Amino acid sequence: MSMDELQELASRVYLGNELQAWAAAATSFALWFTVLPLVRAVVLRRLEKLHPAQSADALELALALLGATTRLFLVAVAAWLSLRWLVIPPSIDRTIGIALLVIAWFQVGLWSMTLVTRFLHARQRTQGAEGAASLNILRFIAVTAVWAVALLMLLANLGVEIMPLVAGLGIGGIALALAVQNVLGDLLASLSIALDKPFKVGDFLVIGEEKGTVQHIGIKSTRMRSLSGEVIVMSNGDLLKSRVRNYGLLYERRASFTVGIVYETPRELVGLVPRLIEEAIRAQPKTRFDRAHFANFGEFALLYEAVYFVLDAEYNTFMNIQQAINLRLIDEFAARGIEFAYPTSKQWTITLPAPTAAE
């Protein structure tokens, strides 16, 4: 093919552009589509080699953001850079622009989700497995918020007036909120649980007449396993309106008990009983003695009141200690002849004098 024929072929117009422009655009696209993924792969490989066991947060974030960059986004960037060589009709240019904006804001949403995930993972490392349920709630709310904002920004870039849309959504949201106010109340309550952390999975709760161990904290309800084995399901809204007693946060348990002995006990033994109670308490591990006193005169017993603390949150530990104290008191009282009191009634015999002869 002669030079003149090549020049004539290059000067031909296809879809409003010369063949030379199409060739430049295709070459540019091929170069960019080759270079961008290659640069991404090289940077990722270099960062992974520099990535120590305990790397800086900035390095981990850079790795995460590069990993979240999709090949579709790289194709869109290469196409956008290549189309500058061409003169495109307005209708086609508008369609291509919309497609590129959709891809770009989809990628922005992915990057935002990566940032949110990194933040939630950092919190989970500090809280451990105990905060997983609350973080799941935060993740659901964050995902909804990120993609809602990305959609609104996409519409704004496409020329859509989003303020009337937001106002309409606000009015519709009010109507929807009135229709599903119980569900929204439970959702906000779950968010409150996630942020305030009044309890966590594994805690033992007493809520009114219900008792159980928290097994799952959901978006609408919380499930507890009761002492008798069944699962108790409570809506989060009702749960936060109740008075919750959380024994999972108990670091020590205050315990008190009362002992009664018979009134016929000698005076010296009456004064000895508080010391016997104190010795029985102090002999147990994980206890802190508080007090023991001859407290009151009961209807049928001399009453002693004792208070101590169990330095363990486990209820079984408390019961084992109380049992050991009771058994020791039985042995100590038996060795000294001190009798425990119990309700009794005494029979009184009245002897009348015999009548005289005069009577």
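User: Where is the place of Val39?
Analyst: Val39 sits in helix H2, residues 19-50. Helices here are DSSP runs of H or I with at least four residues, strands are runs of E with at least two, and both are numbered from the N terminus. This is a predicted model, where local features need pLDDT of at least 70, side-chain atom pairs count only at pLDDT 80 or more, and totals for chains, interfaces and linings use all residues. Residues are numbered from 1 along each chain as its sequence is written, and side-chain values use heavy atoms, with hydrogens and water left out.

User: Is Val39 buried, exposed or partly exposed?
Analyst: Val39 is partly exposed, at a relative accessible area of 44%. Buried means under 20%, exposed means over 50%, and partly exposed is in between (1.4 Å probe, protein chains only).

User: OK, new topic. Where's the kink in H10?
Analyst: At Val273, shortly before the proline Pro274, with a bend of about 30 degrees. The bend is the angle between axes fitted to the seven residues ending at a residue and the seven starting there. H10 covers residues 267-282.

User: And which residues of H10 are buried?
Analyst: Val273 and Pro274 are among them, along with Leu269, Val270, Leu272, Leu276, Ile277, Ala280 and Ile281.

User: What do the buried residues of H10 pack against?
Analyst: Strand S8 (253-261), strand S9 (287-297), S10 and H11. Contact means heavy atoms within 4.5 Å.

User: Let's move to Asp312. Where is that one found?
Analyst: Asp312 is in the loop between strand S10 (302-310) and helix H11 (315-336). Its relative accessible area is 17%, so Asp312 counts as buried.

User: What does its side chain reach?
Analyst: The side chain of Asp312 reaches the backbone nitrogen of Glu314 at 2.8 Å. Leaving aside neighbours within four places in sequence, Asp312 is also in contact with Tyr251, Glu252, Arg253, Lys286 and Thr317.

User: How about Ser235, buried or exposed?
Analyst: Ser235 counts as buried because its relative accessibility is 18%. Ser235 lies in strand S6, residues 231-235.

User: Which residues does Ser235 touch?
Analyst: Not counting residues up to four places away in sequence, Ser235 touches Asp186, Lys220 and Ser221.

User: Last one: how many helices and strands does the chain have?
Analyst: There are 11 helices and 10 strands. Of the 359 residues of the chain, 30% count as buried.

Key. A polar contact is a pair of N or O atoms within 3.5 Å; within protein, one must be able to donate a hydrogen and the other to accept it, and residues adjacent in sequence count only if both atoms are side-chain atoms.
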